[in-house]
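Student: I am new to reading protein models, and I would like to take a close look at one part of this one. Could you guide me through it slowly?

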Amino acid sequence: MITGETLLDRLRSETRDAHEALHHHPLLAPLVLPDLTSRDYQYALLAFDAFYGRLDTAVRESAPVRDWLAHDLARQGLKPLSLPGAGLPVIATESQIWGYLYVKQGSTLGGTVISRNLKRVLGLNPLRDQQFFAGFGEETGIRWKKFIENLFSKAAFLNADETIETAVACFRGVADICDAVLILKDSHAVQAASATDRCAT
């Protein structure tokens with residue numbers, strides 16, 4: 001029987017590579033940099049909206065990320081992208097749900113760093129101008145601790161391998177969607193540059 005501590009240790013260690021890869025993804029890396037642009041922020045929002053739009057319909061719990069994303073897209077004047085969902089994991093069993101929730105709830109912790117940079121660089125106030133990365137605000141840490149408590153209480157009843165495989169697949173699914181959105185971002189930049197060149201001639 002696996003304990004909560006063992007499951008959490010395995011989740012952290014076995015998802016580390018896929019998780020760290022997201023920090024360096026060219027679509028997401030600008031979010032914590034001092035030269036972050038509104039365009040960088042907007043395409044990152046579109047990517048996360050595409051990911052959660054595919055998976056969050058199967059799971060409704062205390063982190064209303066789709067509501068946060070809808071708010072932020074509206075504030076930026078954006079509409080959701082239509083992207084293929086190939087490669088994303090199936091979320092059906094309780095063990096799979098907890099693997100997904102580990103990624104979803106954990107993202108609120110990382111979002112606090114990004115939220116501070118959005119305020120500093122773009123002047124976007126947390127919980128007003130931007131909600132997704134701001135998460136639960138000052139309650140984010142408390143919410144994470146509560147999630148861990150709940151995970152520990154469920155651990156003995158979960159298929160640990162399935163939970164971990166789903167968490168890894170979710171991190172990789174975010175990366176795959178970011179790859180697709182980055183192609184769009186680069187393509188739109190080329191189109192804009194071409195239009196500018198035509199106007200200049």
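Student: Which residues of α3 meet which residues of α4, and at roughly what angle do the axes of the two helices cross?

Tutor: Please keep in mind that this is a predicted model. Helix α3 covers residues 38-55 and helix α4 covers residues 65-75, and their axes, which come within 10 Å, cross at roughly 145 degrees. The crossing of these two helices is left-handed. On the α3 side the contact is made by Tyr41, Leu45, Leu46, Phe48, Asp49, Tyr52 and Gly53, and these meet Val65, Arg66, Leu69, Asp72 and Leu73 on the α4 side.

Thr140 counts as buried because its relative accessibility is 2%, and buried means under 20%. Its side chain reaches the backbone nitrogen of Phe136 at 3.1 Å. If neighbours within four places in sequence are left aside, Thr140 is in contact with Thr108, Leu109, Thr112, Ala134 and Gly135.

Ala169, in contrast, sits in helix α7, which runs over residues 160-200, and with a relative accessible area of 22% Ala169 is partly exposed. Although Ala169 and Val103 are 66 residues apart in sequence, their C-alpha atoms are 9.9 Å apart in space.

Key
Residues numbered from 1 in each chain as written. Predicted model: local features only at pLDDT ≥ 70, side-chain atom pairs only at ≥ 80, totals over all residues. Heavy atoms only, no water. Axes fitted to C-alpha atoms, helices over the stretch in contact; angles between N-to-C directions. Helix = DSSP H or I, 4+ residues; strand = E, 2+ residues; numbered from the N terminus. Left-handed = near helix turned anticlockwise from the far one by under 90°. Contact = heavy atoms within 4.5 Å. Buried < 20%, exposed > 50% of the residue type's maximum accessible area, 1.4 Å probe, protein only. Polar contact = N/O pair within 3.5 Å; in protein donor to acceptor, adjacent residues only side chain to side chain.
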